[in-house]
Every structure is written in structure tokens, then in C-alpha cells.
Amino acid sequence: MSKNLSIWLMPTKADTKYLNGIISQLSQDYDSDYFSPHITLYSPLCGLSKYIEENIGELSKNLLPVDVTVKKIGYTNNIWKTLFVDVEISPELTDIQSTLLNYIPNKKIYQFLPHISLIYKKLSLEQKKKIIKKIVLKKYFTMDKIAIVETVKEINDWKIFYLSK
């Protein structure tokens, strides 16, 4: 059986530390799973080839780093977008994602809605609004790496097994 993989755009060390602080605090306060901050570029990718890894490395060298501008903190009833940092779709982000798609054989339709999730948990509307009032966000984050992550059902079991330099 092939693994379910996701391809993530990941922030710089400083921005990872900043976002980790928010994600860690929310996971403690609301008893939810911790995960690394990211923007999903594509998912699910079933199986992997050396070809994709090599091209992701090249894509990273050629198109990163990129700044993503924060629009607002958003929320939905979808567990995968419980509470998230909504970022602007820029020409640079679109270029990264469309270039990546060129390297994926037999790709499925993927709606690219760039965001950085802050928590995966069923929360009431009141809880979401309370959290939003407390969070202070920077105006932008710098993304400088692409990761291939095994995204199995349990969030705690997610594993990064490729990270661009």
C-alpha cells in the first residue's frame, strides 16, 4: 500500500519558532495534537520518486525564499481548517505551486488555498472567536523550505522525511 504524502512549504527558523509558540500554546490549552507550521502545496501524493525529490530541491533553490502576507485569522467547521492564518495568494506562491505540479505525475485536482493552520480540533464558534482575540500575528512570514511529509491519519504520527535546503 502506498503512503499518503503531502508537500509543504515551511517557514524560516525564526518564523517557525514564532508560529510554534502559537501552535504549542493552542495544543496545550485545547488538548489537541501538535504539528509543524506549514502551507500545504499539494496533497495527497501517493508514492514518491527520486525525480520528485530532485525537482523539489531545484524548485527550492530557484524560487525560495518567499514572503507570504497575512490577511487575517480565519476559521471553518472543517477540522483541517479549524483556525488558520489566511495568507494572500501572490504571484510567487502561485508560481511555486504551479511549478511543483509540473513534477507530479498522475496528479489529482487540488484546490490551492494557502493558509497556515494553527489548531486541528472541533471548537465552538465562541472558542474560535476567543482565540482570535488573543493572537497577535506578524504581517508576513518568510517561507524558505519545501518538505515532503507522510501525513497519516493520526497527526502525532506525521513525519517529515524530505526537507529541501
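Modeller: Let us begin with a convention on residue classes. Ala, Val, Leu, Ile, Met, Phe, Trp, Tyr, Cys and Pro count as nonpolar; Asp, Glu, Lys and Arg count as charged; the others, Gly among them, count as polar. Please also keep in mind that this is a predicted model.

Colleague: How does the lining of the second largest pocket divide by class?

Modeller: That lining has 6 nonpolar, 1 polar and 3 charged residues. Its members are I22, Q25, L26, D29, Y30, K130, I131, K134, I135 and V136.

Colleague: Which strand gives the most to the lining of the largest pocket?

Modeller: Strand β2 does, with 3 residues. At least two lining residues come from each of β1 (4-11), β2 (39-46) and β5 (115-119). By class, the lining of the largest pocket divides into 8 nonpolar, 9 polar and 2 charged residues.

Colleague: How is the packing of two helices described?

Modeller: Two packed helices are described by the angle between their axes and the distance between the axes. Here, helix α2 (residues 50-63) and helix α3 (residues 91-101) pack at an angle of about 160°, and their axes are 11 Å apart. Angles over 145 degrees count as roughly antiparallel, and α2 and α3 are therefore roughly antiparallel to each other. Their crossing is right-handed. On the α2 side the contact is made by I56, L59 and L63, and on the α3 side by D95, I96, T99 and L100. These contact residues divide into 5 nonpolar, 1 polar and 1 charged.

Colleague: What should be noted about the backbone?

Modeller: The peptide bond from S43 to P44 is cis, with omega near -10°, and P44 lies in strand β2. The bond from L64 to P65 is also cis, with omega near 5°; P65 is placed in the loop between α2 and β3 (66-75).

Colleague: Where is D31 found, and what is its phi?

Modeller: D31 is in the loop between α1 and β2. Although D31 is not a glycine, it has a positive phi of about 50°.

How values were computed:
Residues are numbered from 1 along each chain as its sequence is written. This is a predicted model: local features need pLDDT of at least 70, side-chain atom pairs count only at pLDDT 80 or more; totals for chains, interfaces and linings use all residues. Side-chain values use heavy atoms; hydrogens and water are left out. Axes are lines fitted to C-alpha atoms, for helices over the stretch in contact, and angles run from 0 to 180 degrees between N-to-C directions. Helices (H or I, at least four residues) and strands (E, at least two) are DSSP runs, numbered from the N terminus. Angles under 35 degrees count as roughly parallel, over 145 as roughly antiparallel, 65 to 115 as roughly perpendicular and the rest as oblique. A crossing is left-handed if the near helix is turned anticlockwise from the far one by less than a right angle, and right-handed if clockwise. Contact means heavy atoms within 4.5 Å. On a 1 Å grid over the protein atoms alone, a cavity is a set of points where a 1.4 Å probe fits but cannot get out, and a pocket is an open set with protein on both sides within 12 Å along at least five of seven lines; lining residues have an atom within 4 Å of a point.
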